[in-house]
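This report describes one protein chain for a reader who has its sequence and structure at hand. Please consult both while reading.

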Amino acid sequence: MGIVEKVSGQTITVIEGNMSNAVGRRTIKVNGRYIRGYGVPKYSRKATTGGSASGGATTPSPGPAASGLKVGDTVEFTGSRHYTSADAASGHACKPGKATVTQVYRPGQSKHPYHLVAVAGGGSNVYGWVDAADVSGKASSAATRTYTVRSGDSLWAIAAKQLGNGSRYKEIKSLNGLSSDTIHPGQVLKLPE
């Protein structure tokens, strides 16, 4: 069980928090052994009509927070605790480092308005709701470096040329959610810092 990060054709990439005591990604085929389908919540409808959740449930807001943070931003998590909900009273210990904002809920009103998931290689193992004070802005600029794959390229060669060390190819693979080393000409890859 995890959070669906992306869906591409018949493949779903899921971020899970229980992979040998760490956060990790898993790629699963739809109609494979475990996945028979998936649903997409209609958060945007509730956010634009001013609707509220019934029965005390929370309705996440996909819009930007008061501080300008929004879903998809890479931030520096400086705290040491994460929580199972935006208003939880107690949390679990975790490590600081780079993380991605996966949900924003009532900034300025809820105790823990940001849901973060650790970025591979960023030092953190956060996977939950965190305090606004523990999120120190964006860890990387909006202008993420990318590379367009050319004929004859390999992940190793790209890492060597663009990052200065071919053995960093695993970072490129992880950042782009690749389950194999196969890349294709024209494919655009995000590059780590």
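In this predicted model, Lys98 lies in strand E7, which covers residues 97–104. Lys98 is classed as partly exposed because its relative accessible area is 25%, and a residue counts as buried under 20% and as exposed over 50%. Along the sequence, 18 residues separate Lys98 from Leu116, while their C-alpha atoms are 9.4 Å apart in space.

**The chain as a whole**

The chain contains three helices and twelve strands. Of its 193 residues, 33% are buried. Its accessible surface amounts to about 11,300 Å², and carbon and sulfur atoms contribute 50% of that area. Among contacts with a separation of 6 or more, 47% are between residues 24 or more positions apart.

**Salt bridges**

Side chains of opposite charge can pair when their charged atoms come close. The chain has four salt bridges, and the table presents some of them.

| Salt bridge | N to O distance |
|---|---|
| Arg106 and Asp87 | 3.2 Å |
| Arg168 and Glu171 | 2.8 Å |
| Lys173 and Asp181 | 2.9 Å |

The salt bridge between Arg106 and Asp87 connects distant parts of the chain, with the two residues 19 positions apart. Arg106 belongs to the loop between E7 and E8, whereas Asp87 belongs to the loop between strand E5 (81–82) and strand E6 (92–93).

How accessible are the residues in these pairs? Arg106 is partly exposed because its relative accessibility is 34%, and Asp87 is likewise partly exposed, at 33%. Glu171, which pairs with Arg168, has a relative accessibility of 33% and therefore counts as partly exposed. In the remaining pair of the table, Asp181 has a relative accessible area of 43% and so is partly exposed. Its partner Lys173 has a value of 21%, which means that Lys173 is partly exposed, since only residues under 20% are called buried.

Terms used: Residues are numbered from 1 along each chain as its sequence is written. This is a predicted model: local features need pLDDT of at least 70, side-chain atom pairs count only at pLDDT 80 or more; totals for chains, interfaces and linings use all residues. Side-chain values use heavy atoms; hydrogens and water are left out. Helices (H or I, at least four residues) and strands (E, at least two) are DSSP runs, numbered from the N terminus. Buried means under 20% relative accessible area, exposed over 50%, partly exposed in between (1.4 Å probe, protein chains only). Contact means heavy atoms within 4.5 Å. Accessible areas come from the Shrake-Rupley method with a 1.4 Å probe; for residues, only the protein chains shown count as cover. A salt bridge is a side-chain nitrogen of Lys or Arg within 4 Å of a carboxyl oxygen of Asp or Glu.
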